[in-house]
Amino acid sequence: VYSIVISLLAMLFAFDAISGEKDSGTLRLLLSQRVSRFKVILGKYLGNALTLALSFLLSLFFSFTIIMIYLPNLGKENWLRISVFALFTLLYISIFLIMGLALSSLTKKPSHTLISCLLLWIFLAIIVPNLSTYFATIIKHVPLEKSIEPKMKEIDDQTREKVNTWW
């Protein structure tokens, strides 16, 4: 759910960054100054990326605080996993933001950019993951949930026992 929301948010941040200024005429005024196109696009990217990264990192900080309260003895390998997750999420946000900016620079009207961004987002965030799961199950058989329930219950019991000993 988080990847779907954050990718949509990145697309919505970028959809009118350039095409909106084209449509209103402010981009022409901006480019009449001694500002290169690269600097304009880089500024738009950095501003949007910092805003999205800050919101993500703040939510991650609050999550870390809750984790530290309930699981104070979290091992180094788990912190490494969380850090890698954070880095890849920032990369994920950046990729969707760059795609949104690219579409925004290729279209003239923000409404066309919004439709293009939404179609690309639906394809990349919803269709591709579901198709990859479908094709993976065709290629390699996945056992039914009922056949692995005893093992899942055993793992849940072990986890519950560890959490109770921590308390």
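Leu-54 is exposed, with a relative accessible area of 52%, where exposed means over 50%, buried under 20% and partly exposed in between, using a 1.4 Å probe and protein chains only. You'll find Leu-54 in helix 4; helices here are DSSP runs of H or I with at least four residues, numbered from the N terminus. Lys-22 sits 32 residues from Leu-54 in sequence, and 28 Å from Leu-54 in space, C-alpha to C-alpha.

A quick word on what you're looking at. This is a predicted model, in which local features need pLDDT of at least 70 and side-chain atom pairs count only at pLDDT 80 or more, while totals for chains, interfaces and linings use all residues. Residues are numbered from 1 along each chain as its sequence is written, and side-chain values use heavy atoms, with hydrogens and water left out.

Phe-64 counts as partly exposed because its relative accessible area is 22%. Setting aside neighbours within four places in sequence, Phe-64 is in contact with Trp-79 and Ile-82, contact meaning heavy atoms within 4.5 Å. Leu-144, 80 residues from Phe-64 in sequence, is 34 Å away from Phe-64, C-alpha to C-alpha.

Now for how the helices pack. Two packed helices are described by the angle between their axes and the distance between the axes. Take helix 1 (residues 2–14) and helix 5: their axes come within 8 Å and cross at roughly 35°. Axes are lines fitted to C-alpha atoms, for helices over the stretch in contact, and angles run from 0 to 180 degrees between N-to-C directions. Nonpolar covers Ala, Val, Leu, Ile, Met, Phe, Trp, Tyr, Cys and Pro; charged covers Asp, Glu, Lys and Arg; the others, Gly among them, are polar.

Ala-10, found in helix 1, gives you a view from inside. Ala-10 is buried, with a relative accessible area of 0%. Not counting residues up to four places away in sequence, Ala-10 touches Leu-52, Ile-93, Phe-96 and Leu-97. Ala-10 and Leu-101 are 91 residues apart along the chain, with their C-alpha atoms separated by 9.6 Å.

Helix 5 (residues 76–106) has another partner in helix 6 (residues 110–139): their axes come within 9 Å and cross at roughly 145°. Here too the crossing is right-handed. The contact of helix 5 with helix 6 has seven nonpolar, four polar and no charged residues. Thr-113 is in helix 6 and is buried, with a relative accessible area of 0%. Beyond its neighbours within four places in sequence, Thr-113 is in contact with Phe-15, Ser-19, Leu-103, Ser-104 and Thr-107.

Last stop: the largest pocket, which holds about 260 Å³ of space. On a 1 Å grid over the protein atoms alone, a pocket is an open set of points where a 1.4 Å probe fits, with protein on both sides within 12 Å along at least five of seven lines, and lining residues have an atom within 4 Å of a point. Helix 3 (26–32) and helix 4 (37–70) each supply at least two residues of this lining. The lining residues divide into five nonpolar, two polar and three charged, and include Lys-22, Arg-28 and Arg-37.

Notes. Grid points are joined across faces, edges and corners, and a volume is the space filled by probe spheres set on the points. A crossing is left-handed if the near helix is turned anticlockwise from the far one by less than a right angle, and right-handed if clockwise.
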